[in-house]
Amino acid sequence: MTYLVTGGSGFIGSHLIEQLLENGHSVINIDNFDDFYDYQIKIKNTLESIGNTSDFKFSGKEEDVKKLISLSKSKNYILYYQDIRNKNTLEEIFKTHQIDLVIHLAALAGVRPSIERPLEYEEVNVRGTMNLWELCKEFNVKKFVCASSSSVYGNNEKTPFAETDNVDNPISPYAATKKCGEILGHVYHQLYNIDMIQLRFFTVYGPRQRPDLAIHKFVKLISEDQEIPFYGDGTTARDYTYISDIIDGITKSISYLENHSDVYEVLNLGESEVVSLSEMLAVIEKALGKSANKKILPMQPGDVLKTNADITKAKTLIDYKPVTDFQNGIKKFVEWFLRK
């Protein structure tokens with residue numbers, strides 16, 4: 001099978017591509033190496049995902065990405081340095097390759113930045129996604145896995161969060177764009193028979209996690225004896241999901257789509273284990289063998305108080321089976337962080 005993965009040089013995307021290649025598939029990776037975080041991290045992710053352990057010499061973004069494209073190209077893998085907002089360049093990729101299924105992970109991420117740049121978030125997360133659906137329609141690609149987010153639940157009062165809960169009250173532009181993606185995805189399924197699964201990811205962590213996210217940031221700052229930003233009183237809580245469990249959910253969603261027709265489903269992919277901010281910090285401190293120096297800050301606009309996934313539907317529909325508890329996941333992450 002030939003899979004098109006958008007955002008395949010990011011955290012989740014690079015792990016997914018690694019798994020797809022290991023399973024013997026061909027992969028087309030589209031990534032724009034956005035400046036949201038250091039492009040060099042994405043280059044390292046890409047090389048790791050294709051099993052290339054060569055020592056990469058960095059000299060400048062444009063030159064480095066071109067070198068990466070040349071270095072990584074093989075009969076089973078090709079990287080395109082493209083932006084999903086540019087429909088014309090995307091069209092050339094669809095013309096060139098016979099694509100069996102799209103896994104769309106590319107997005108502008110982050111709740112807080114979306115409050116500062118809402119129009120850009122709409123442009124990437126809504127219009128960019130629609131560009132892909134338009135091309136799927138045009139080139140008869142009928143299978144599509146799309147990354148949504150637990151952010152769509154907002155401050156949902158009912159826990160755990162189920163896919164049938166009302167999600168009409170997002171509290172950030174990022175969450176709103178993800179909700180738009182689910183709604184518009186249903187339109188393309190209904191009008192053009194594109195089978196689709198929308199995956200609501202719950203706070204994914206693990207090796208290659210973005211450095212701006214809490215777990216990675218805390219581990220780095222504590223290990224360097226620096227102050228950590230600690231928002232609120234520590235009672236905010238998240239359903240943290242280890243990366244290998246997320247990849248299990250994505251690959252099982254792919255398999256489900258390949259074996260079923262007339263599909264439009266929304267699925268929670270979480271761990272169904274809620275960990276407070278204070279508990280998360282304590283587990284990290286234990287794994288590092290060091291205490292944190294906290295800088296207490298007020299809650300930030302757009303941050304939800306708690307996430308908690310009801311994963312009954314994913315277990316039933318795709319046999320989703322998360323296996324990594326939070327303590328072991330943090331241990332694995334810290335081991336990776338200290339090696340890199």
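Q: In which loop is proline 160 found?
A: This is a predicted model, so local features need pLDDT of at least 70 and side-chain atom pairs count only at pLDDT 80 or more, while totals for chains, interfaces and linings use all residues. Residues are numbered from 1 along each chain as its sequence is written, and side-chain values use heavy atoms, leaving out hydrogens and water. Helices (H or I, at least four residues) and strands (E, at least two) are DSSP runs, numbered from the N terminus. Proline 160 is found in the loop between strand E5 (143–149) and helix H7 (173–192).

Q: What is the omega value of the bond that joins threonine 159 and proline 160?
A: Proline 160 belongs to the loop between E5 and H7. The peptide bond joining threonine 159 to this proline is cis, and its omega is about -5 degrees.

Q: Which residues of helix H4 are buried?
A: Helix H4 covers residues 87–96. Buried means under 20% relative accessible area, exposed over 50% and partly exposed in between, with a 1.4 Å probe and protein chains only. In H4 the buried residues are Leu90, Glu91, Ile93 and Phe94.

Q: Within what arc do the buried residues of H4 fall, seen down its axis?
A: An α-helix has 3.6 residues a turn, so residues three or four places apart point the same way. The arc is that of the directions from the helix axis to the C-beta atoms. The buried residues of H4 line one face of the helix, because they fall within an arc of 160 degrees.

Q: Is asparagine 125 buried or exposed?
A: Asparagine 125 has its place in helix H6. Leaving aside residues up to four places away in sequence, asparagine 125 touches Ala107, Leu108, Tyr174 and Thr177, where contact means heavy atoms within 4.5 Å. Its relative accessibility is 4%, so asparagine 125 counts as buried.

Q: At what angle do helix H8 and helix H10 pack?
A: Axes are lines fitted to C-alpha atoms, for helices over the stretch in contact, and angles run from 0 to 180 degrees between N-to-C directions. H8 spans residues 214–223 and H10 spans residues 277–288, with their axes 10 Å apart and an angle of about 45 degrees. Angles under 35 degrees count as roughly parallel, over 145 as roughly antiparallel, 65 to 115 as roughly perpendicular and the rest as oblique. H8 is therefore oblique to H10, at about 45 degrees.

Q: Which residues of H12 make the contact with H10?
A: H10 and H12 pack at an angle of about 50 degrees with their axes 9 Å apart, and they are therefore oblique to each other. Their crossing is right-handed. H10 brings Met280, Val283, Ile284, Ala287 and Leu288, while H12 brings Phe326, Gln327, Ile330 and Val334.

Q: What is the relative accessible area of valine 323?
A: Valine 323 lies in the loop between helix H11 (312–318) and helix H12 (326–339). Not counting residues up to four places away in sequence, valine 323 touches Asp245 and Glu271. Valine 323 is exposed, with a relative accessible area of 69%.

Q: What value is phi of aspartate 225 near?
A: Aspartate 225 sits in the loop between H8 and strand E8 (227–231), and is exposed, with a relative accessible area of 62%. Its phi is positive in a residue other than glycine, near 60 degrees.

Definitions and conventions
Left-handed = near helix turned anticlockwise from the far one by under 90°.
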